[in-house]
Amino acid sequence: MRKRPLGIALALAMAFSFSATSFAQTKQPAAASKASSPDQAHDLSGVWFDDHPRLIRVQERYWAYTFTPEAPPMTPWAQAKFNAAKSSFGPHAVPLVETTDPLYHTCAPIGFPIAYLYPLPMQIVQTPGEVILLFEWDSLRHQIFTDGRPHDTALGPLWMGDSIGHWEGDTLVADTVNFNDKTWLDRMGHPHSDALHVVERFRRVDHDHLVDDITIEDPKAYTKPWTAHLPFVLKPKWTLAEQFCEDEESFQTIDKDAAAPAK
Amino acid sequence: MRKYLPGIALGFVLVMSFWAAAIAQTKQAAAATQASSTDSAHDLSGVWMLDRPRPLTVVERFWMYELSDEEPPMTAWGQAQYQAAKSSFGTRSYPLAETNDPIYHTCTPPGYPRVIMHPFPMQVVQTPGEVIMLFEYDSVRHQIFTDGRKHDETLGPLWMGDSIGHWEGDTLVADTVNFNDKTWLDRVGHPHSEALHLVERIRRTNHFHLTDDITVEDLKAYTKPWTAHLDFLLRPKWTLAELFCEDQDTFNEIENNETKPAK
């Protein structure tokens, strides 16, 4: 690795974007995007950030790359896909030039629910018929329709899925189907098929904390449904920054460096 | 043109996407995204579509390629840039294989204000400190901060600009700077530089109509500030669909077709 220490290569070009973003955010001492819904019990709005415990070593933070510390119960099909996937993240990380991550080189949409695993904030805004998740990463938008509509198979297959939700007490239950199979489920390369079915239970446990208990069901890829717990903390002084994936350019630089003779 | 009629080539892949989106939307006979703000005088929320007079030909009816019917007052630099731009739209349109439109092949962000001219709906959502424009096209987001913050030059240069706004009576006045110069101002290739400064006066003239009076100032590209008037119509039964730019794939297909011998 000529110009880049290994640790930075591991973290990918995103690390650069992330630093710039964090810096920009701490510099914006702006008014908070406070809760605005008249119905407080059904108000998830605000800018949220991952709230997993902060371990010292980034390699131990499984949640930066995948949903659970344990490997999910893969079928043989999924195990073969996972073995073939060359991620630049996690314990089996390959150098960037060797990755088969579908996002790189083309900046294809990352999809859902992998969007939760990128180390950038998410803003929730609500309208009377929608809960909208806005991810800082690549300007991604995920709409959960709460207006009573059913799933619409005419829409699929979609990168972000077709998501409908309803309230059970103070919990938003979101059901998402109609995925395409072009994305990884997580950043380590665990797969999913177009049979992926995601059920999420969002609850604002107090003003500053949101939890998402997520169930992954995909009979082609996993032998049984499995669950993960995603905690979020409110960042009242943050707003989303502009962050577009421009990996085409980053990759050209990296590929060029890799092709140059070692010094 | 082998498989593509000239008219279709003119409209490009956006045509296909547009029909799909329109079909999907009419299929979603769902509850409307109605105005939700407590202060209805300052409520721009809803799903909006450009509202143009309806001439006879489909091309004139649906497609808006530039902000104004009148040619903007270009500087010599601006004129040179414009002459070099090979757009596949408008009166000077080039075949798709010859275009140097910056968004094609790479799906780079269209930037602001060009994204307004893409023929897809836009949803406005509001929080106490922001007016957020969500564009169906490529999941692009444009935030106007209304919390009293100043422009922040450390953010720029940005694809969508750095936008702050305040209310003057029932009009949102948005001021946008800190643009990069990687995008065209519109779809026919009028240029802009990093000195681009937009002032928009956005007003909901009645429940169903929104107007945006936009002033373009860019002394490198234009000899004097010039203005345009945009009308939008509320689409109470529409919601935004998923539409990611995947022109890399589309372009590969078109180029493969065009390199084949004519039948």
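Okay, some housekeeping. Residues count from 1 along each chain as its sequence is written, while chains are lettered from A and ligands numbered from 1 in the order in which they are written. Because the model is predicted, local features need pLDDT of at least 70 and side-chain atom pairs count only at pLDDT 80 or more, though totals for chains, interfaces and linings use all residues.

So, how confident is the predictor? The model scores ipTM 0.82 and pTM 0.82. A contact here is two C-beta atoms, placed from the backbone, within 7 Å.

Now look at the barrel in chain B. Nine strands close it, in the order β1-β2-β3-β4-β5-β6-β7-β8-β9, with mixed pairing. Strands are DSSP runs of E, at least two residues, and helices are runs of H or I, at least four, numbered from the N terminus. Two strands pair if DSSP finds at least two bridges between them. Strands β7 (residues 197-206) and β8 (residues 209-217) of chain B run antiparallel and are joined by nine bridges. Find B:L198, and opposite, in β8(B), is B:V216.

Over to chain A and helix α3, residues 76-84. Which of its residues are buried? They are A:A78, A:K81 and A:F82. Buried means 20 or more other C-beta atoms within 10 Å of the residue's own, exposed means 12 or fewer, and partly exposed is in between, with C-beta atoms placed from the backbone. The three sit on the same side of α3(A), because they cover an arc of only 100° around the axis; that arc is taken from the directions from the helix axis to the C-beta atoms. On the other side, A:P76, A:A80, A:N83 and A:A84 are exposed.

Next, A:L172 in strand β6 (residues 171-177) of chain A. Why call A:L172 buried? Because 23 other C-beta atoms lie within 10 Å. Among the residues A:L172 touches are A:L44, A:V131 and A:F202.

Last stop: the largest nonpolar core has 107 residues, and A:A115, A:I124, A:F135 and B:F135 have the most contacts inside it. Such a core joins buried Ala, Val, Leu, Ile, Met, Phe, Trp, Tyr and Cys residues through C-beta atoms within 7 Å. A:F135 touches A:A115, A:L120, A:M122 and A:L140, leaving out residues up to four places away in sequence.
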